[in-house]
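The following questions and answers go through one protein chain, element by element. Please keep the sequence and the structure open while reading.

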Amino acid sequence: MAKEFKLSRERLSELEQELLYLKTTREKEVAELIKEARSFGDLSENSEYDEAKNEQGKLYSRIAEVENIIANAVIIEDADVQSSVVGLGSKVEVQDMETGDIEVWYIVGSQEANPDENRISDDAPFGKALMGKQEGDDVAVDAPIGVLHYKVISVSR
């Protein structure tokens, strides 16, 4: 059975646009690179040709990856989960029980995770620990440095 990819409608749209770009514009650019490299002569000692073929391999690999994600996408709707319970699409405000720092995290699917933007995957240890929690719940997260303790301050959509 294929792995399901949990995505927002926006992320699915971004992937569809990327796929269109890869199959049209980028594919033509790579084909042109190969054509140009072939014109340099002997392919056995042609580093430009080797590099262009490597680029083509990367392109086709990415196309296959994006097609697989799109084919196995599960759209997460806000109406699917209660707003008071942490789930995909939730905005969660937590307090670090050791430092007292308050952080805001967005729970997203693995394809949308970006810790720099406070978007954490539901598959990540912190995301898994938060799933299903409600305001006021304590959360323990197993981390490489030990167990971290948080308190859920608020949950919203």
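Q: Which side chain does the side chain of N72 join in a polar contact?
A: The model is a predicted one, and N72 is found in its loop between α2 and β2. The contact is between side chains and has a length of 2.7 Å. The partner of N72 is N68.

Q: Does N72 count as buried or partly exposed?
A: The cut-off for buried is under 20% relative accessible area. N72 has 19% relative accessibility, so it counts as buried.

Q: What distance separates the end C-alpha atoms of helix α1, and what span should its 30 residues have?
A: Helix α1 covers residues 9-38. At 1.5 Å a residue, its 30 residues should span 44 Å, which agrees with the distance between its end C-alpha atoms. That distance is 42 Å.

Q: Where does α1 bend?
A: The bend of α1 is about 40°. The bend is at L22.

Q: Does A31 count as buried or partly exposed?
A: A31 has its place in helix α1. Buried would need under 20% relative accessible area, and exposed over 50%. At 44% relative accessibility, A31 therefore counts as partly exposed.

Q: How far apart in space are A31 and L12?
A: In sequence, A31 and L12 are 19 residues apart. In space, C-alpha to C-alpha, the distance between A31 and L12 is 27 Å.

Q: What do the buried residues of α2 pack against?
A: The 25 residues of α2 should span 36 Å at 1.5 Å a residue, and its end C-alpha atoms are 36 Å apart, which agrees. In this helix, Y49, A52, Q56, L59, I63, V66 and I69 are buried. They pack against β1, α1 and β2.

Q: Which residues touch the most other members of the largest nonpolar core?
A: This core has 16 residues. The elements that give two or more residues to it are β3 (91-96), β4 (102-108), α3 (125-130), β6 (138-143) and β7 (146-156). A second, separate core has 15 residues, including L7, L19, L59 and I69. In the largest core, the residues that touch the most other members are V92, V94, I107, F126, L130, V139 and V152.

Q: Which residues of β3 point to one face and are buried?
A: Side chains alternate along β3.

Q: In which sense do β3 and β4 pair?
A: β3 and β4 form a hairpin with five residues between them, and G100 in the turn has a positive phi of about 85°. Within the pair, V92 stands opposite W105, and the bridge partner of K91 is Y106. There are five bridges, and the sense is antiparallel.

Q: How many bridges join β3 to β7?
A: The two strands run antiparallel. E93 stands opposite S154 in β7, and K91 stands opposite S156. The number of bridges joining β3 to β7 is six.

Q: Through how many residues does a hairpin join β6 to β7?
A: β6 and β7 run antiparallel and are joined by six bridges. In β7, L148 is the bridge partner of V141. The hairpin joins β6 to β7 through two residues.

Q: Do β4 and β5 run parallel or antiparallel?
A: Strand β5 covers residues 119-121. V108 stands opposite S121 in β5. Three bridges join β4 to β5, and the strands run parallel.

Q: What is the phi of N118?
A: N118 lies in the loop between β4 and β5. At 27% relative accessibility, N118 counts as partly exposed. Its phi is positive in a residue other than glycine, with a value near 60°.

Notes
Residues numbered from 1 in each chain as written. Predicted model: local features only at pLDDT ≥ 70, side-chain atom pairs only at ≥ 80, totals over all residues. Heavy atoms only, no water. Helix = DSSP H or I, 4+ residues; strand = E, 2+ residues; numbered from the N terminus. Expected span 1.5 Å × (residues − 1). Bend = angle between axes of the 7 residues up to and from the residue. Buried < 20%, exposed > 50% of the residue type's maximum accessible area, 1.4 Å probe, protein only. Core = buried A, V, L, I, M, F, W, Y, C linked by side-chain atoms within 4.5 Å. Pairing = 2+ DSSP bridges. Polar contact = N/O pair within 3.5 Å; in protein donor to acceptor, adjacent residues only side chain to side chain. Contact = heavy atoms within 4.5 Å.
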